[in-house]
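Have the structure open while you read.

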Amino acid sequence: AIIYATKGMGYYKKLDEVCRDWLGDSDGEYAGRLCSGLDGMDIAEAGFSLWKLALEANDNPDVGARISSSQDYRACRESISRAEGGRWFLEAWDAFMRDHGHHTRGELELYNPRWSERPDYILEMVRGYMRSMGSIDPLRKHRENAATSEMLAKSCRRRLRNPLKFAAFDFLLRQSQRGAVLRENIKSEAVRILALVRRIFLELGERLAERDILECREDIFFLNLSEVESAIRDSNGSEIKELIGKRRAEYEMNLDIIPPKVIIGRFDPDDFVAEDIDEDTEVLSGLAVSPGTASGTARVMLRSDNGQIQPGEVLVAPFTDPGWTPHFMAAAALI
């Protein structure tokens with residue numbers, strides 16, 4: 001499956017070349033449009049499933065009123081369980097967490113808590129979606145993207161009079177679309193395994209904290225595997241706590257560093273001098289990686305969990321990964 005997904009990336013590149021050479025796609029938009037609106041992609045389904053949760057809550061006044069309260073997740077869940085139709089909503093919530101709770105920001109990092117561990121974060125997203133009802137409709141937009149993709153594909157086929165070129169285009173399109181879905185779904189399953197590994201380490205960290213070898217269970221992520229083994233055998237955690245303290249301090253320091261775009265050799269944060277920022281700049285130029293234009297108020301978010309995008313805003317982020325998907329539902333564009 002991994003080999004097939006990797007081939008899919010190669011097919012996509014070839015599809016782009018074919019669209020440029022045979023169909024006059026000078027802007028390089030066709031390949032992106034042809035591979036948009038795809039079904040079955042796990043991380044996209046996560047966003048749609050979250051939106052459906054908000055729809056279900058919005059359609060049930062009793063459940064919706066309880067969700068819209070300022071209660072935290074635990075109290076809110078208890079309240080919803082007593083609402084008419086609340087059981088159905090909670091079943092849908094639990095299904096969402098089973099299917100997509102392994103995602104998070106920077107999800108390849110074991111230290112980062114998963115969505116399933118932060119239900120209050122997901123609850124706030126549902127509340128935000130409920131406030132956005134009427135302003136956005138991600139499901140309709142997805143259907144429109146799929147229809148636009150299909151219309152473009154039909155147009156491309158009509159223009160390819162040569163049977164060999166027609167067949168080659170059709171083959172590349174199918175493989176590119178399948179490869180795109182498979183690539184994301186393989187990554188999702190790998191992240192699901194990582195989430196399981198994280199749970200195992202958290203349980204081990206909890207037991208070591210009970211023995212006073214660690215200050216808290218999350219400290220275990222500041223140890224390598226050999227040090228974890230030593231911690232299990234060691235009845236005195238003073239040295240381990242000191243080691244973890246130093247690594248936590250280094251971690252906190254590194255959070256404030258914005259590394260350069262290009263690093264040659266080994267990066268030394270102690271010798272790093274950040275680039276000057278031109279605060280008088282009014283226009284930023286970049287490379288478009290998907291078709292279309294949009295405008296709106298810019299909302300700068302350095303982390304996926306430190307704010308919430310409002311309908312029509314342009315999301316400005318240092319990077320994105322599947323953990324950002326809930327914000328894409330309302331954003332007009334992404335920088």
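Which residues do ring pairs link into a cluster? They are Tyr111, Phe201, Phe221, Phe222 and Tyr251. Keep in mind that you're looking at a predicted model.

**Tyr111 and Phe221**
- The ring centres of Tyr111 and Phe221 are 6.2 Å apart with their planes at 75°, so this pair counts as edge-to-face.
- Tyr111 belongs to the loop between α6 (86-100) and α7 (119-131), while Phe221 belongs to the loop between α9 (163-210) and α10 (225-233), so the pair ties together parts that are 110 residues apart in sequence.
- Are these two buried or exposed? Tyr111 and Phe221 are both buried.

**Tyr111 and Tyr251**
- Tyr111 also makes an edge-to-face aromatic pair with Tyr251, at 5.5 Å from centre to centre and with 75° between the planes.
- This pair links distant parts of the chain too: Tyr111 sits in the loop between α6 and α7, and Tyr251 sits in helix α11 (residues 238-255), 140 residues away.
- Why does Tyr111 count as buried? Its relative accessible area is 19%, and buried means under 20%.
- Tyr251 has a relative accessible area of 26%, so Tyr251 is called partly exposed.

**Charges over rings**
- Look for Arg87 next: its charged end sits over the ring of Trp88, 4.3 Å from the ring's centre.

**The whole chain**
- Now zoom out: the chain has 12 helices and three strands.
- Its C-alpha atoms fill a box of roughly 75 × 60 × 50 Å along the principal axes.
- Out of 335 residues, 36% count as buried.
- If you take the contacts between residues at least 6 apart in sequence, 58% of them join residues at least 24 apart.

**Surface and charge**
- The chain's accessible surface is about 20,200 Å², and carbon and sulfur atoms account for 53% of that.

Notes
Residues numbered from 1 in each chain as written. Predicted model: local features only at pLDDT ≥ 70, side-chain atom pairs only at ≥ 80, totals over all residues. Heavy atoms only, no water. Helix = DSSP H or I, 4+ residues; strand = E, 2+ residues; numbered from the N terminus. Buried < 20%, exposed > 50% of the residue type's maximum accessible area, 1.4 Å probe, protein only. Contact = heavy atoms within 4.5 Å. Areas by Shrake-Rupley, 256 points an atom, 1.4 Å probe, with all protein chains shown as cover. Phe/Tyr/Trp six-rings, centres within 6.5 Å; stacked < 30°, edge-to-face > 60°. Lys NZ or Arg CZ within 6 Å of the ring centre and 35° of its normal.
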